[in-house]
Amino acid sequence: MGANTSQVSDLSNNHNLKALVGPESISENDPFWNQLISFTFISPTSSGESKLLEEAVIPLAKTLIENNPRSGNFSALVRIFLGRTKELKISTECQDQLFIWQAHNALLMIRCLLKVFTREMSEEELHQQFSYQERAAVSCAETSNEDLLEELLSNLIHLIVEVPLLDITYSILFEAVTTLLVLLSYQLFHKDILHDGIIFQHLMKGRCLCLTSRLVKTLLYNFIRQEKCPPPATHIFEPKAEGGLLYGLASGVASGLWSVFTLGGAGSKAENDQEHNPLPLSNQSLLLLLVLANLPDGPDWPNPYRQSITCFRNTQDTSSPPAEHPHTFQINFNSLYTALCEQQRSDQATLLLYTLLHQNTNVRTYILSRTDMDNLVLPILDILYHVEERNSHHVYMALIILLILTEDDAFNRSIHEVVLKNISWYTERSLTEISLGSLLILVVIRTIQFNMTRTRDKYLHTNCLAALANMSAQFRCLHQYAAQRIISLFALLSKKHNKVLEQATQSLRGRQGDSTALPDYAQDLSVIEEVIRMMLEIINSCLCNSLHHNPNLVYALLYKRELFEQFRMHPSFQDIMQNLDTVIGFFSQRLEQAGSDLSVERVQEVIMKGVQALPKDRLKKFPELKFKYVEEDQPEDFFVPYVWSLVFNSGVGLYWIPTGIELFSMDSG
């Protein structure tokens, strides 16, 4: 392969690495550094590759931790990288691949070392590692006026926002984003949410603050562009058969340090990894954006990254931004919308959509104005439909997104005007033609039924029913299967209610004189009756507001009218049952007048005429059903663990940590 070291297992014996982590100081002017960072290497983009590399780096990093206070070589490596970042933008414009290549290699080494550092030491101890320098090379005056950690953070952000995304810069931009994630990863090692810290302070208040909007905008654009990782030949230096300057530098100067080193080699494994995670920069940028957006506010200042995400505007918006939005920027909403529609298969894209819908009124208004809402809603419904395959957080996010969308009456009307054909992923029944609104109802009801039989999560029930309630007044031309499923859900709830009631009765009879505690059937009954009441209100809302648009619901109601008998005199449902009794009685009478042994078509004809004839004033008006999503008082208790669980489980395997390390709780919320 043109070099002595081509396997991860050889790294511990590499002469240059031994010198780097050893006790002897190496001057920043020493040719050693140019030799050290002149290697060819593909950054790991899969968890397997990352794990192999980390296992090899850990003993080297531990040795450096021990020797760095004397040698200051880690600070020297950081300075070597910083020295090259100053010319990166010019190097990109001049297509100076050699310069970019060396800067990338230096940053890759820093990132690998920092990852071990963050696991092995506190943030204060990490800060100290940046302060150790070659004793003879730097004066006391220079060291006292400079914070090398802040310098690194600032330069990484400058690199991300200023260096254009090209094939030759893809790897170094990926490393810059990943290094910021590594530096922020102290949260993984603390059970409680971190509200302060050196890195936190630098990002919130230091030199990085002025770059807030540019960083958020760049990370969003990285997500929007969805650029695939370029082929290796376009962003690293492969040896050419004819030799030449670059090959001479890569093989002659590297002196064996990871030279021409491709982790895992070529062939099927590399190809499979590329297919597994073809968009590492896009994914990493989105994860970093979510981490920054979910950093807690400071004691006397708000999170500027969250501020930026909540107030950015469309490029077509020509109005002046409000003065109270210091971190705003403009971005192409059409491109953002397209990316959001295409990427909802991932948790992080769904979490971004939730964040924007909930916190950015400009984005929410734009999305609700789109005439192609099916492109966004269908992927969300797909998440809910495959609830068995999704984690609970992803399902919750999808449900909350639907709840936010259904707060808008125009949305609730428009989804019934969008006709879909042949929904292949819906397998319970062949749906050759159905409105988006009816499909949404079907999927939400299916989620409720799944929850009743499996997870039994009240929070999930509440959100599903709230979304249906918000939509109910605008139900239009419900598909007959959707109407049937509404009544079937009520039948299931009725059956469950009767079962719990029977259990409670038998338990009381069997325990007369027994002082032991009874199962809390009263609470179970209360919960079930609350859900039944909600379903009756949803049906009633549709009948009162759009009866003439929903003959299929009337048909399903009449077909199962005996279900409602037991609730007519129930004190919890008497008021809401009045309208259902009126509708059932009115149409039952018209069917009797039409004769006996009526065909389905004849029944439907009678109903169609009846919905036009039923006087609206015969139905009692109830307050409009409207539920609004309100984020909890301490949303970070849910969102911070969720975001870091996504980082931990990301396809690039950023945070492989041996067992035994106590991690930040990811089951919160």
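Glu-175 is buried (under 20% relative accessible area, with over 50% counting as exposed and anything in between as partly exposed, using a 1.4 Å probe and protein chains only), and its own relative accessible area comes out at 0%. This is a predicted model, in which local features need pLDDT of at least 70 and side-chain atom pairs count only at pLDDT 80 or more, while totals for chains, interfaces and linings use all residues. Residues are numbered from 1 along each chain as its sequence is written, and side-chain values use heavy atoms, leaving out hydrogens and water.

Glu-175 pairs up with Arg-111 in a salt bridge, with 2.9 Å between the closest N and O atoms. A salt bridge here is a side-chain nitrogen of Lys or Arg within 4 Å of a carboxyl oxygen of Asp or Glu. The pair ties together distant parts of the chain, 64 residues apart: Arg-111 sits in helix α6 (residues 97-120) and Glu-175 in helix α10 (residues 170-184). Helices are DSSP runs of H or I, at least four residues long, numbered from the N terminus. Arg-111 is buried too, at 5%.

Another salt bridge brings Lys-626 and Asp-409 together at 2.8 Å, N to O. Here 217 residues separate the partners, with Lys-626 in the loop between α30 (600-613) and α31 (636-648) and Asp-409 in helix α23 (residues 409-414). Lys-626 is partly exposed at 34% relative accessibility, and so is Asp-409 at 25%.

Then there is Lys-609 with Glu-605, at 3.5 Å from N to O. Both lie in helix α30, four residues apart, or about one turn of the helix. Lys-609 is exposed at 51%, whereas Glu-605 is partly exposed at 37%. In total, the structure holds 21 salt bridges.

Technical notes:
Helices (H or I, at least four residues) and strands (E, at least two) are DSSP runs, numbered from the N terminus.
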